[in-house]
Amino acid sequence: AKVPIEERRRALGVLVEKKAQGLGDDLKVLLHDDALRIDALRGMAVFGGSDVPELVLARYGKLKNSEKREAVQMLVSRPAYAEVLLEALAAGVVPRSDVSVFAARQILGLGNEKLNARLKELWGEIRPTAGNKKPLFDKYRKLLQPKNLKRADLSNGRLLFNRTCGACHKLYGEGGLIAPDLTGSDRATLDYLLENVLDPNAVITKDFQLNVVTTKDGRAVSGIIAAENDVSLTVQSLIERIVFSKEDLATRQIMPVSMMPEGIFQALKDEEVRDLVGYLSDKRQVPLPKEKK
């Protein structure tokens, strides 16, 4: 604990990559370490263990938002974990808003009909919009007229961006690196924004095509392929870049869809969509709600 944090993080990363014997129990202890909690959660996805979901959910209410996102992504990496997560959703331990569209789609990717039915019951349904998307475009064009956007809470919009988009997209120097930086994009043009959010699969480049890989020990990871050679496959998931030995992989599916999922707006309330678009279409950074207070 006296060693500099970056050194500890690198050491833990090596041990996780090598699947060091006995490390699974140490990761449970590190769940209580503020500095290494996120690294421990990522390691737990690798090592598994039947008691992991209960240990994580017992601390869930005390986690920071960034840690909660990591916890949810870890809990959708295995069918048994996803089942526990959905029961926590039913019990109110995990709010519905904490389970992103990405996490919900990961559960669907596990291919378990029982989990899919429970997800639909507790969270909602993700399905491609029918071929005729005109009614959907018309709905959001009407909702997002300039007079309505003037009433948008931009600070809440930034909070929603961080939860919904920020894991992949960067804006004003903050956010993920999976998807394009939105800072200089044409996001103030409503039709441009709607086309990319409501119909992300209209044009899919190979770089952003969704891949789902499953390891021989049952772990599933969704993401884009960052690198590949004869012996390894590097997947950029929502939260981390993971190098897999091809010998450890059971299956690999290249999905005919974009990493950007459909249904982002539909998973939000209308006023939340208004706040999010108001923030995206504005040209200045605003404080988060707690900063404003």
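Trainee: What covers the buried residues of helix 1?

Mentor: First, the terms. Helices (H or I, at least four residues) and strands (E, at least two) are DSSP runs, numbered from the N terminus. Buried means under 20% relative accessible area, exposed over 50%, and partly exposed in between (1.4 Å probe, protein chains only). Contact means heavy atoms within 4.5 Å. Here, the cover over the buried residues of helix 1 includes helix 2 (23-30) and helix 3 (37-47). Keep in mind that this is a predicted model: local features need pLDDT of at least 70, side-chain atom pairs count only at pLDDT 80 or more, and totals for chains, interfaces and linings use all residues. Residues are numbered from 1 along each chain as its sequence is written, and side-chain values use heavy atoms, with hydrogens and water left out.

Trainee: Which residues of helix 1 are buried?

Mentor: Start with the general idea. An α-helix has 3.6 residues a turn, so residues three or four places apart point the same way. In helix 1, the buried residues are Arg 8, Leu 12 and Val 16. Viewed down the axis of helix 1, its buried residues fall within an arc of 70° (taken from the directions from the helix axis to the C-beta atoms), so they line one face. Arg 10 and Glu 17 are exposed on the other side of helix 1.

Trainee: What span should helix 1 have?

Mentor: The expected span is 1.5 Å times one less than the number of residues. Helix 1 has 13 residues (5-17), so it should span 18 Å; its end C-alpha atoms are 18 Å apart, which agrees. Just after helix 1, Lys 19 takes a positive phi of about 50°.

Trainee: How many salt bridges does the structure hold?

Mentor: A salt bridge is a side-chain nitrogen of Lys or Arg within 4 Å of a carboxyl oxygen of Asp or Glu. The structure holds 23. In one of them, Asp 34 meets Arg 37 at 2.6 Å, N to O. Asp 34 counts as exposed, at 58% relative accessibility. Arg 37 counts as buried, at 4%.

Trainee: Where does Arg 59 lie, and is it buried or exposed?

Mentor: Arg 59 lies in the loop between helix 4 (52-58) and helix 5 (65-75). Arg 59 is buried yet has no salt bridge. For charge, Lys and Arg count as positive and Asp and Glu as negative; His and the chain ends are not counted. The nearest side chain of opposite charge to Arg 59 is Asp 34, 5.1 Å away. Leaving aside neighbours within four places in sequence, Arg 59 is in contact with Leu 31, His 32 and Arg 37.

Trainee: Which residue forms a salt bridge with Asp 217?

Mentor: Arg 78 does, with the closest N and O atoms 3.6 Å apart. The pair links distant parts of the chain, 139 residues apart. Asp 217 sits in the loop between strand 3 (209-215) and strand 4 (220-228), and Arg 78 in the loop between helix 5 and helix 6 (79-91). Asp 217 is partly exposed, with a relative accessible area of 40%. Arg 78 is buried, at 10%.

Trainee: What separates Lys 134 and Asp 138 in helix 9?

Mentor: About one helical turn, because they are four residues apart in helix 9 (residues 134-143). Salt bridges that share partners join Lys 134, Asp 138, Arg 141 and Asp 191 into one network. The side chains of Lys 134 and Asp 138 meet at 2.8 Å, N to O.
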